[in-house]
Amino acid sequence: MTEMERCPICGEFDRKDTHTCKQTYLVWSEDDNVEDANGVRASSPEDAAEKFVRGEFDDFEYLGETIVFVTDYGGNQQKFSVTAEQTIVFSVSEVSDD
Ligand SMILES: [Zn+2]
């Protein structure tokens, strides 16, 4: 059985024998300055953009589009549009007749 462990470097819970830390991207939103960029560990620039917006997402008025810049280790900068939308959740519970 493979041992699962929380990585002391990146904090990800993963297989101890095969884990490699995801690279850190610098991410900031169009409304902010590059000086306010956050370090986000992710598997791709797109993943970093989504994680950044998820992290900022504490307000439902935030629904819609966010433009973010992502810079990788080599200094390559990309610009992404991240959109958030609500989904409808259905739930069922039995109703008694009396
Ligand atoms: Zn790690």
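**Figure 1. Contacts and exposure of Glu 30 in the predicted model.** Glu 30 is found in the loop between S3 and S4; helices (H or I, at least four residues) and strands (E, at least two) are DSSP runs, numbered from the N terminus. Glu 30 counts as exposed because it has 11 C-beta neighbours inside 10 Å. A residue is buried if 20 or more other C-beta atoms lie within 10 Å of its own, exposed if 12 or fewer, and partly exposed in between, with C-beta atoms placed from the backbone. This is a predicted model, in which local features need pLDDT of at least 70 and side-chain atom pairs count only at pLDDT 80 or more, while totals for chains, interfaces and linings use all residues. Residues are numbered from 1 along each chain as its sequence is written.

Figure 2. Helix H1 spans residues 45-56. Pro 45, Ala 48, Ala 49, Phe 52 and Val 53 are its buried residues. These residues lie on the same side of H1 because they cover an arc of only 125° around the axis, the arc being that of the directions from the helix axis to the C-beta atoms. Arg 54 and Gly 55, on the other side of H1, are exposed. The cover over the buried residues of H1 includes strands S3 (23-29), S4 (38-42), S5 (64-71) and S6 (77-84).

**Figure 3. The largest nonpolar core.** A nonpolar core is a set of buried Ala, Val, Leu, Ile, Met, Phe, Trp, Tyr and Cys residues joined through C-beta atoms within 7 Å. The largest one has 10 residues, namely Tyr 25, Val 27, Val 40, Ala 48, Ala 49, Phe 52, Val 53, Val 68, Phe 69 and Val 70. Two or more residues of this core come from each of S3, H1 and S5, and H1 gives the most, with four residues.

**Figure 4. Surroundings of Phe 69.** Not counting residues up to four places away in sequence, Phe 69 touches Trp 28, Gln 77 and Lys 79.

Definitions and conventions. Expected span 1.5 Å × (residues − 1). Contact = placed C-beta atoms within 7 Å.
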